[in-house]
Amino acid sequence: MATTRSPKRTSLRIIEQLEDDVTYEDMLYALYVFQKVERGLEDVRERRTISHKDVRREFAQWLS
């Protein structure tokens, strides 16, 4: 289920869970990963995915 929190609140929650000595790059990466996972979950909910079998078939065509 999609998060109902605002992006700002979600970002703050993620950053608060990081260690105190975290770098800016680490914070940005944590937010980036979270956003990508959320986007992937949305793709699954909206059925914008393809099966593992189809991916293997496409890779086989690309690599041949």
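Which side chains meet in a salt bridge of 2.7 Å, N to O? They are those of Arg-48 and Asp-43, where a salt bridge is understood as a side-chain nitrogen of Lys or Arg within 4 Å of a carboxyl oxygen of Asp or Glu. The structure is a predicted model, in which local features need pLDDT of at least 70 and side-chain atom pairs count only at pLDDT 80 or more, while totals for chains, interfaces and linings use all residues. Residues are numbered from 1 along each chain as its sequence is written, and side-chain values use heavy atoms, with hydrogens and water left out.

The overall fold can be taken before the details. The protein has 3 helices and 0 strands, and along the sequence these follow the pattern α-α-α; helices (H or I, at least four residues) and strands (E, at least two) are DSSP runs, numbered from the N terminus. The C-alpha atoms fill a box of roughly 50 × 25 × 10 Å, taken along the principal axes. The radius of gyration of the protein is 17 Å, whereas a compact globule of 64 residues would have a value near 11 Å; this radius is taken over C-alpha atoms, and the globule rule is 2.2 Å times the number of residues to the power 0.38.

Burial and surface come next. Of the 64 residues, 6% count as buried, a term that means under 20% relative accessible area, with exposed meaning over 50% and partly exposed lying in between (1.4 Å probe, protein chains only). The accessible surface comes to about 6100 Å², of which 56% belongs to carbon and sulfur atoms; accessible areas come from the Shrake-Rupley method with a 1.4 Å probe, and for residues only the protein chains shown count as cover.

Two surface patches can be located on this model. Patches are made of residues with over 30% relative accessible area and no salt bridge, like charges being joined within 9 Å and nonpolar side chains (Val, Leu, Ile, Met, Phe, Trp, Tyr) within 5 Å. A negative patch is formed by Glu-19, Asp-20, Asp-21, Glu-25 and Asp-26. Within this group, Asp-20 sits in the loop between α1 (7-16) and α2 (24-45), and Asp-20 counts as exposed because its relative accessibility is 82%. A nonpolar patch of about 480 Å² is made by Tyr-29, Tyr-32, Val-33, Val-37 and Leu-41. Val-37, one of these residues, lies in helix α2 and counts as partly exposed, at 47% relative accessibility.

The charges can also be viewed across the whole protein. The mean positions of its 12 positive and 12 negative charges are 10 Å apart. In this count Lys and Arg are positive and Asp and Glu negative, with His and the chain ends not counted, and the place of a charge is taken as NZ of Lys, CZ of Arg, CG of Asp or CD of Glu.

A search of the whole structure finds 3 salt bridges. In the pair named at the outset, Arg-48 with Asp-43, Asp-43 is partly exposed because its relative accessibility is 23%. Another salt bridge joins Glu-42 and Arg-45 (3.0 Å, N to O), which both lie in helix α2, 3 residues apart, about one turn of the helix. Glu-42 is partly exposed at 27%, and Arg-45 is likewise partly exposed, with a relative accessible area of 36%. The side chains of Asp-54 and Arg-57 meet at 2.4 Å, N to O; because these residues are 3 apart in helix α3 (residues 52-63), they are separated by about one helical turn. Asp-54 is partly exposed at 29%, and Arg-57 is partly exposed at 43%.

Finally, the backbone of Arg-47 deserves a look. Arg-47 is found in the loop between α2 and α3 and is exposed, with a relative accessible area of 75%. The phi of Arg-47 is near 60°, a positive value in a residue other than glycine. Most residues other than glycine have a negative phi.
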